[in-house]
Each structure stands twice: as structure tokens, then as C-alpha cells.
Amino acid sequence: MALDGKVAVVTGAAQGLGKAFAEILLQNGAKVALLDVNEKEGKSTKAAFEAEFGASRTLFHVCDVSSEEVFKDAFQKTVQHFGRVDIFCNNAGITNEVSWEKTIEINLKGVVRGTYMALEHMKTENGGGGGVIINVASMAGVVHLAGAPIYTATKHAVVGFSRAMAEFSAAAGYGVRICMLCPAFVRTDILNALKEKDKLGEFFRLKHLTENLLDVAGLMETSDVAKVFLQMLLDDSKNGAALLVTPRGAAYVDFPAANEIPCSPL
Ligand SMILES: NC(=O)C1=CN([C@@H]2O[C@H](COP(=O)(O)OP(=O)(O)OC[C@H]3O[C@@H](n4cnc5c(N)ncnc54)[C@H](O)[C@@H]3O)[C@@H](O)[C@H]2O)C=CC1
Ligand SMILES: CC/C=C\C[C@H](O)[C@H](O)/C=C/C=C/C=C\C=C\C(=O)C/C=C\CCC(=O)O
């Protein structure tokens, strides 16, 4: 997929990884709708992008992905403004083990909402032009963090949901690919949760496990992950693929097929 003239939506685009994904899309010719719950940071990011890429290439909407109504409204306004959407990146996410229902609302239900909305608009069955959905999971969508069980659960769920939807989309002939990005640790504000007892609750006592993992794994910059995001987005051969991203490189996860699970008689 060439990006010139394409329209992308990125949730959680005010800062961190979402901002870096929006920036690389803009650098490659796309127009980008930035959706984020943080109005101040979102406006400031929009202003910075306007200065670099021109006012007509971006749009910012205050949007909380945990509200069906608000999310739909922001998406509809994006379609009205740009006329179409070709790329949808469900990136918004939080780490909060105390308000765990909120974490599920944003990290999982927000991704489900965004995926359904994007499919409804892009699927060729409805006269859409097809497209790509990138759901941002995490390395914690494939391995677990004992210090963040709900975060782990939401990211595993994003991987499972996206894989199932990718196969469904292909079987239904929607013309929409769905892939998952699974980075390890990236230097963004989300890592501050590791220092906050009011975010980790009883799991705060295991924060050293995550910190040890981080020490071994190393920390990436958002721009490094954005380059890998772009490669996956442009690879038309990938559907239902989960790309792990680490400081040592990237690799697609080799999931077993249902008939490949090794079992022995009980
Ligand atoms: N930084 C890391 O180590 C990694 C992060 N991720 C994932 O990347 C995604 C982005 O996170 P980061 O950039 O790291 O964190 P971040 O905290 O810097 O950015 C998250 C963005 O999402 C926005 N957001 C939060 N709740 C929202 C809501 N309800 N509706 C709309 N926007 C909302 C925030 O305002 C913020 O702009 C998340 O899904 C996270 O789980 C995945 C792997 C590694
Ligand atoms: C409380 C958690 C806070 C934030 C979580 C992060 O945002 C992120 O989503 C979680 C990442 C989880 C990563 C888990 C494992 C990572 C493993 C590696 O990168 C590989 C580790 C070591 C390899 C050593 C080597 O062989 O070189």
C-alpha cells in the first residue's frame, strides 16, 4: 500500500508511540486524524505537525475510546472531513491495575470498538476501499507480566481478537488486513506506572520483576518502533500477523495452528 493521499486514524496520538506513528505516516504522504483524550497535548501535537506538514494534513479530535458515542462521533467527523479512511491504528492504552475495569475498557474494548468501526467503513462489501488496521498490543500480549496481570490480559486479548478478526475479514472478502504490533519496552510515559503504587496496587510488590526484565531487554525509542510499524503497514502479504519489536530487532510470532498442538493420549 502506497501512503500518498491515504487517510489514517491514530488513537492515543497526542504523545508517545501514537505520536510517532502519526509522524511517520505524515512523512510518507498520508493525512492523519489524531484522536486522544488529552486535549492539551493533542492540540500541541497537532500544532507541531501543522508547522512541519501543513495545516490540511492533520485533524485533532478530543476522543475517549472508552465511550462508544464519543469514539463514533470522532470517526464520523474524520470521514466527513477527509472523505475516507484507509488506515486505522488502535493505539490508545493505559497501565492501571487498580482501576482494572478502566484498563479493560480502554485497552480491549477500545480496540474492539475501533476495529469494528474501521471495518464497517473500509470493507468493500459496503462500498469501502479496503485498508489496513494495526492494533497495538505489546510483548505482554505474548508473554506475561506477573506485575501487571490485567495489562497482560488486555494485550493477550487484543492479539487473540485481532487474529480472529483478520481471518474473518479475509474469509468475508472485506479487503481489510488486520495486524498487531507487539513492542517490548519503549521510552514513553506509560512506563511511569512502574513507579506508582496507586496504579499497580498489590502488584507493586512485583515491580522489580518488570524492572529486571526491562534492564535485560533494554529500552527503545518511539521512532525505532515507528519504523517497524511502517514496514508492517506496507507489507501487503501480512494479515493476522503479530510483530514483536525489541531493541535487538523484530520478528513475527509463529503461532501454532489448531491441528499443530502437540498432545499425547491422556
Ligand atoms: N511504552 C511501552 O513500553 C509500550 C507501549 N505499548 C502500547 O503502546 C500504546 C501507546 O502507549 P505509549 O505511547 O507507550 O503510552 P503514552 O502514555 O505515552 O501514550 C498513550 C496515549 O494514549 C492516550 N489515551 C489514554 N487513554 C485514552 C483514552 N481513553 N482514549 C483516547 N486516548 C487515550 C493518552 O492520552 C496518551 O496520549 C499503548 O497501547 C501501550 O499499551 C506497547 C508496548 C510497549
Ligand atoms: C507495568 C508494565 C508497564 C508497562 C508495560 C509496557 O508498556 C510494555 O507494554 C510491556 C512490555 C513487556 C515486555 C515483556 C518482555 C520482554 C522481553 C524482551 O524484550 C526480551 C528480553 C530479554 C532478551 C535478552 C536477550 O536475549 O538479549
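Leaving aside neighbours within four places in sequence, F229 is in contact with F21, I24, I134 and L181, two residues being in contact if their C-beta atoms, placed from the backbone, lie within 7 Å. The model is a predicted one, in which local features need pLDDT of at least 70, side-chain atom pairs count only at pLDDT 80 or more, and totals for chains, interfaces and linings use all residues. Residues are numbered from 1 along each chain as its sequence is written, while chains are lettered from A and ligands numbered from 1 in the order in which they are written.

F229 belongs to helix 8 (residues 222-234); helices (H or I, at least four residues) and strands (E, at least two) are DSSP runs, numbered from the N terminus. F229 is buried, with 25 other C-beta atoms within 10 Å. The term buried applies to a residue with 20 or more other C-beta atoms within 10 Å of its own, exposed to one with 12 or fewer, and partly exposed to those in between, with C-beta atoms placed from the backbone. The C-alpha atoms of F229 and R163 are separated by 17 Å, at 66 residues apart along the chain. I24, one of the contacts of F229, lies in helix 1. Although 205 residues separate I24 and F229 along the chain, their C-alpha atoms are 8.9 Å apart. I24 also counts as buried, with 20 C-beta neighbours inside 10 Å. Beyond four places in sequence, the contacts of I24 are A226, F229 and L230.

At the level of the whole chain, the secondary structure comes to eight helices and eight strands. The radius of gyration is 18 Å, close to the 18 Å that the globule rule gives for 266 residues, so the chain is as compact as a globular protein of that length. This radius is taken over C-alpha atoms, and the globule rule is 2.2 Å times the number of residues to the power 0.38. The C-alpha trace spans about 55 × 45 × 35 Å along its principal axes. Of the 266 residues, 44% count as buried. Among contacts between residues at least 6 apart in sequence, 70% join residues at least 24 apart.

A13 is placed in the loop between strand 1 (7-11) and helix 1. With 34 C-beta neighbours inside 10 Å, A13 is classed as buried. Its contacts, neighbours within four places in sequence being left aside, are G18, K19, A22, L34, L35, D36 and T45. Between A13 and R57, 44 residues apart in sequence, the C-alpha to C-alpha distance is 14 Å.

Helix packing was examined for helix 3 (residues 68-82) and helix 4 (residues 100-122), whose axes come within 11 Å and cross at roughly 35 degrees. Axes are lines fitted to C-alpha atoms, for helices over the stretch in contact, and angles run from 0 to 180 degrees between N-to-C directions. The crossing of helix 3 with helix 4 is right-handed, the near helix being turned clockwise from the far one by less than a right angle (anticlockwise for left-handed). Helix 3 contributes E68, F71, K72, F75 and V79 to the contact, and helix 4 contributes R113, G114, M117 and H121. By class, these residues comprise four nonpolar, two polar and three charged. Here Ala, Val, Leu, Ile, Met, Phe, Trp, Tyr, Cys and Pro count as nonpolar, Asp, Glu, Lys and Arg as charged, and the others, Gly among them, as polar. V79, located in helix 3, is partly exposed, with 15 other C-beta atoms within 10 Å. Residues up to four places away in sequence not being counted, V79 touches R84, V85 and H121. V79 and V7 are 72 residues apart in sequence and 9.1 Å apart in space, C-alpha to C-alpha.

Ligand 1 is surrounded by 28 residues, the closest being G12, G16, G93, T188 and I190; a residue is near a molecule if its C-beta atom, placed from the backbone, lies within 6 Å of it. Helix 1 (residues 16-27) supplies the largest share of this shell, three residues. The shell around ligand 1 divides into 14 nonpolar, eleven polar and three charged residues. Around ligand 2 there are 21 residues, of which the closest are S138, M139, A148, A184 and A217. Helix 7 (residues 207-217) gives the most to the ligand 2 shell, with four residues. By class, the shell around ligand 2 holds 15 nonpolar, five polar and one charged.
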